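Biologist: I am new to this structure and would like to go through it in plain terms. Please show it before we start.

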Amino acid sequence: QSVWGYDSDNGPERWHENYPLAKGDKQSPIEINSKEVQHDSSLSSWHASYDPGAAKTILNNGRTCRVVFDDTFDRSVLRGGPLSGAYRLRQLHLHWGSSDQHGSEHAIDGVKYAAELHMVHWNPKHGNFAGALKQPDGVAVVGIFLKVGNTPKPEMKRILEEIENIKTKGKEAPFQHFDPSILFPKSRDYWTYHGSFTTPPCEECITWILLREPIEVSSDQMAKLRSLSKNAENEPMSPLVDNWRPPQPLKGRIVRASFK
Ligand SMILES: NS(=O)(=O)c1ccc(C(=O)NCc2ccc(F)cc2)cc1
Ligand SMILES: [Zn+2]
């Protein structure tokens, strides 16, 4: 079946067969080479004002673990930085590896992190999410790198505790009273560039805001994430790991930094 995934028969190298945009000129993720990044002093700092009551559910869709928020009005928004206007938080999800040495989608000077968390926002001036994905300024994703260390952030605990209840594909559980801004690192320094969804249909509608400072998780917390299955309950067990797309050609794009 043409359903895409991360295996050899339906993985990133073959997505273009059903999703032609995957071979576009503004694809994500990318490898960031700090020597080629341009510091832009006109870049302001970004601000998130999230309503913890907007959090709704957490689900395993067989490809990632996703927390879904109420985005029917400007309840949880991201503004500033490279953005004009307030973008509504719709969902957050993660990409991770089969070991602590890899798993992030973006890489910095060759360094891959154990995982990468994406907070997905869309521009309400385009009416709805489906409309926003057809616009170059339609979507904004904040990317946060997860690094394995021994002073793990307690805030990740909340998401990882829920994993018990969504082990297999299609499982969903209530996930309320959660303010994702507690996951942000101390520094607001970021890189920004124009790119795409890192999964099919790979639309090139995303303003990426990648935070320079990773957040720390423990190796046990990463093992918890890797205990998710990509299969449904009654199917053979298949671990949900390595759900990351490799870096794509920069094709002349400029990556700007908010910091020197
Ligand atoms: N990894 S990432 O942050 O780049 C990313 C963010 C959002 C989505 C998404 O909403 N997919 C659903 C979807 C469904 C139908 C569409 F037409 C478009 C997207 C996919 C990838
Ligand atoms: Zn993602």
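**Surface, fold and one residue**

Modeller: About 11,400 Å² of the chain is accessible surface, and 50% of that belongs to carbon and sulfur atoms. Such areas come from the Shrake-Rupley method with a 1.4 Å probe; for residues, only the protein chains shown count as cover. This is a predicted model, where local features need pLDDT of at least 70, side-chain atom pairs count only at pLDDT 80 or more, and totals for chains, interfaces and linings use all residues. Residues are numbered from 1 along each chain as its sequence is written, chains are lettered from A and ligands numbered from 1 in the order in which they are written, and side-chain values use heavy atoms, leaving out hydrogens and water.

Biologist: What pLDDT does the chain average?

Modeller: pLDDT is the predictor's confidence in each residue, from 0 to 100. At least 70 is scored by 99% of the residues. The chain average is 97.

Biologist: How many of the residues of the chain, in percent, count as buried?

Modeller: Buried means under 20% relative accessible area, exposed over 50%, and partly exposed in between (1.4 Å probe, protein chains only). The chain has 260 residues, and the buried share is 53%.

Biologist: Is glutamate 161 buried, partly exposed or exposed?

Modeller: Glutamate 161 lies in helix α2, residues 155–162; helices (H or I, at least four residues) and strands (E, at least two) are DSSP runs, numbered from the N terminus. Its relative accessible area is 43%, so glutamate 161 is partly exposed.
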